[in-house]
Amino acid sequence: MQIEIEVQGNTQILKPIGRIDQNTAPAFQERLLAALENGPDNAVALDMSGVDFLSSIGLRTLMIAHKNCQANGTRLVLFALTPVVREVFSISRFDTVLRCFDERGPALAGLSV
Amino acid sequence: MRVKIWGCRGSLPVAMSTTRVRDKLQMALKTANGRSFATDADREKFITEELPWAATHTFGGNTSCVQIDTGGPEYIICDMGSGLREFGASMMLAHGPAKPQIYNFFMSHLHWDHIMGFPFFPPAYIPGNKVRIHSCHPDPRAAFLRQQSAPCFPVNFETLGATIEFVPMRPDDPVTVAGATVRALLQNHEGDSYGYRFKKDGKSVVYSTDSEHKPEDDATRERFIDFFRNAGLVIFDAQYSLAETVSLKEDWGHSSNISAVELCHHSRTEHLLLYHHEPAFDDNMLYRIWQETIRYEELMRDGGAPVLHVSSAYDGLEIVL
């Protein structure tokens, strides 16, 4: 799957494009977990504006990422969820676990909190 | 085939609280908005046609028990949760004590919430009745003996009047019972559990509760898609949210509405029935989960794919295939 990566200081901004499902989740997971490897000095922001759907395996990848962050101190936020993905987050209750922001600015600011 | 839900609650029986009864009364009175009704028929029409579902229904609180009627004289029942008491009472009303019946039970597993109804099943006490307990577990009898012995219960299992037979079953080794072909499948649950697929006259019902589905386990996912394939009805354990099943409640042995929809879509199931409801949830929350599941089905459906009908089990619900 296509994932655009932008680096701003110690923050990586990952922007996956398309559906995250059974076919694309392994590549997404590999890239996301690699970005989270560097520990408490690092932060990752996921720009979700290009994701038009996320199935359970994609959600599970986000949960693994969240757990890795809890273990090694890396900070993770998501922003710009599309309406469909926002609904999926609500139905699956992932919105109660992950830090989600409407826009990029507050999301990046949230990484320092 | 006809399916009747006698118990749909997971883990522990619950009862609706006074607060929730009053909530429903409030909802009904608000909807009536001061209107008066001349006759019982008028009131019934208002209840049926105008009140919201949540005002006129409750999901109920009995633990797992599902009757599958294949049209023959023998009965098929999945699990013996607390809902079995009411099923047994209905059998006493229908047949009385003098007309022997044959009851075929299929056990998902032997955890307490799935066997607790048996000591309160009146037909088990009546000589002449036959109780056949089909199970893939190695020694189901031990669980029944333990449940009905001191200090847990005053009537020992050995003294029950009915003829009780334990019938061993093996996954993927189909049997014919009450005119239906029954196939079992191993499921992921502490101590193992088994799902059952009942097929008769080209219609299939799958009973799959206490089964955890891990999104990353492709091999197991394919086994379940095959097991559910083209089923008319899948009764599915959706006790937790997906977020819970991959975090706090991972390896607790239950699944989610999200996994339910995905497996049913991939298997071209016609009708999904959410089941094994979380005992901590009230009617409002279970109704919300049901509506959200309908929405997720809509979001997930590929263009042109048939609609997966989504229902949520409640005690007393009947579905005809």
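**Exercise 1. In what order do the 5 strands of the open sheet of chain A stand?**

The model is predicted: local features require pLDDT of at least 70 and side-chain atom pairs count only at pLDDT 80 or more, whereas totals for chains, interfaces and linings use all residues. Residues are numbered from 1 along each chain as its sequence is written, while chains are lettered from A and ligands numbered from 1 in the order in which they are written.

Step 1. List the elements. Chain A has 4 helices and 7 strands, where helices (H or I, at least four residues) and strands (E, at least two) are DSSP runs, numbered from the N terminus. From that terminus the elements follow the pattern β-β-β-α-β-β-α-β-α-β-α.

Step 2. Read the sheet. Its order is S1-S2-S4-S6-S7 (chain A), with mixed pairing; two strands pair if DSSP finds at least two bridges between them.

Step 3. Identify the edges. Strand S1 (3-8) and strand S7 (100-101) of chain A each have a single partner strand, so one side of each lacks a neighbour in the sheet.

Step 4. Examine one pair. Strands S4 (residues 43-47) and S6 (residues 75-79) of chain A are joined in the parallel sense by 5 bridges. Within S6(A), A:Leu78 is the residue opposite A:Leu46.

Step 5. Helix H1 (residues 25-35) of chain A lies across S1, strand S2 (11-16) and S4 of chain A, at about 170 degrees to S2(A). Axes are lines fitted to C-alpha atoms, for helices over the stretch in contact, and angles run from 0 to 180 degrees between N-to-C directions.

**Exercise 2. Describe the packing of H3(A) against H9(B).**

Step 1. Two packed helices are described by the angle between their axes and the distance between the axes.

Step 2. Apply them. Helix H3 (residues 83-92) of chain A packs against helix H9 (residues 283-300) of chain B at an angle of about 145 degrees, and the axes are 10 Å apart.

Step 3. Name the residues. H3(A) contributes A:Val84, A:Glu87, A:Val88 and A:Ile91, which meet B:Glu292, B:Arg295, B:Tyr296 and B:Leu299 of H9(B); contact requires C-beta atoms, placed from the backbone, within 7 Å.

Step 4. Classify them. This contact comprises 5 nonpolar, no polar and 3 charged residues. Ala, Val, Leu, Ile, Met, Phe, Trp, Tyr, Cys and Pro count as nonpolar, Asp, Glu, Lys and Arg as charged, and the others, Gly among them, as polar.

Step 5. Extend to the chains. The contact takes 15 residues from chain A and 15 residues from chain B. On the side of chain A, helix H2 (56-72) and H3 are the elements giving two or more residues, and that side divides into 8 nonpolar, 4 polar and 3 charged residues.

**Exercise 3. Is B:Leu263 buried or exposed?**

Step 1. Locate the residue. B:Leu263 belongs to helix H8 (residues 257-266) of chain B.

Step 2. Apply the cut-offs. A residue is buried if 20 or more other C-beta atoms lie within 10 Å of its own, exposed if 12 or fewer, and partly exposed in between, with C-beta atoms placed from the backbone. B:Leu263 is buried because it has 22 C-beta neighbours inside 10 Å.

Step 3. List the contacts. Leaving aside neighbours within four places in sequence, B:Leu263 contacts B:His213, B:Phe224, B:Ile225 and B:Phe228.

Technical notes
Two residues are in contact if their C-beta atoms, placed from the backbone, lie within 7 Å.
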